[in-house]
Amino acid sequence: MRLVIAAVGQRQPAWADAAYEDFAKRFPSDVPLTLKAVKAEPRGGKSAEQLMAAEAQRLEAAVPKGARRVILDERGTRMTTVDLAKRFEFWLGDGRDLVFFIGGPDGLDPALKATADETLRLSDLTLPHAFVRVFLAEALYRAWSLRNGHPYHRE
């Protein structure tokens with residue numbers, strides 16, 4: 001099973017790239033975490049709907065076919081770390097690759113959202129896109145480590 005973060009926006013601050021990579025390299029080879037960053041649509045003269053639709057096409061092209069699709073959205077399901085670890089167990093049992101979608105400045109296209117198997121809320125706060133990648137990578141690593149009895153997670 002592969003974990004994929006599909007995100008709009010290729011250029012992130014160096015600190016975000018370094019932090020993401022730090023967590024990504026901690027995953028075992030049988031459950032690798034990869035980032036598929038796609039170009040944001042140029043903002044000039046287009047509606048938000050047009051921008052999101054163009055970005056959705058890029059996201060779709062970047063993800064594995066048949067993968068379980070998890071949309072990150074402020075209206076998604078809230079989970080604790082323990083809940084996420086239990087969900088991680090379910091995802092592993094499902095066996096499909098798992099893709100987490102992070103939208104651009106305008107969010108995710110409604111048509112892409114409609115393809116979701118699940119919708120997840122990371123926080124009640126609005127988070128910068130660069131931070132979301134790091135936050136998600138850490139949360140997934142913590143869930144994996146809790147599931148595997150690794151001492152990274154402490155209660």
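A salt bridge is a side-chain nitrogen of Lys or Arg within 4 Å of a carboxyl oxygen of Asp or Glu. I note that the model is predicted, so local features need pLDDT of at least 70 and side-chain atom pairs pLDDT 80 or more, while totals for chains, interfaces and linings use all residues. Residues are numbered from 1 along each chain as its sequence is written, and side-chain values use heavy atoms, without hydrogens or water.

**Entry: Arg68 and Asp94**

I looked up Arg68 and found a salt bridge to Asp94, with the closest N and O atoms 3.3 Å apart. Arg68 sits in strand 3 (residues 68–78) and Asp94 in helix 3 (residues 81–94), so the pair ties together parts 26 residues apart in sequence. Helices (H or I, at least four residues) and strands (E, at least two) are DSSP runs, numbered from the N terminus. Is Arg68 buried or exposed? Arg68 is buried, at 10% relative accessibility. Asp94 is partly exposed at 30%. I wrote down the cut-offs: buried is under 20% relative accessible area, exposed is over 50%, and partly exposed is in between (1.4 Å probe, protein chains only).

**Entry: the network**

Which residues are linked in a network of salt bridges? I listed Arg68, Arg87, Asp94, Arg96 and Glu118. Glu118 lies in strand 5 (residues 118–121). Glu118 is buried, with a relative accessible area of 13%. Leaving aside neighbours within four places in sequence, Glu118 has contacts (heavy atoms within 4.5 Å) that include Arg68, Arg87 and Trp91.

**Entry: other salt bridges**

I found 19 salt bridges in the structure. One of them joins the side chains of Glu41 and Lys46, at 2.3 Å from N to O. Glu41 is buried at 10%; Lys46 is partly exposed at 36%. Glu138 and Arg142 form a salt bridge too, at 2.9 Å between the closest N and O atoms. Both lie in helix 5 (residues 129–147), four residues apart, about one turn of the helix.

**Entry: helix 2**

Helix 2 (residues 48–62) has 15 residues. I checked its reach: 21 Å from first C-alpha to last, close to the 21 Å expected. The expected span is 1.5 Å times one less than the number of residues. Its buried residues include Leu51, Met52 and Leu59. Among the elements covering the buried residues are strand 1 (3–8) and helix 4 (110–113).

**Entry: Gln10**

I found Gln10 in the loop between strand 1 and helix 1 (14–24). Not counting residues up to four places away in sequence, Gln10 touches Ala37, Val38 and Lys39.
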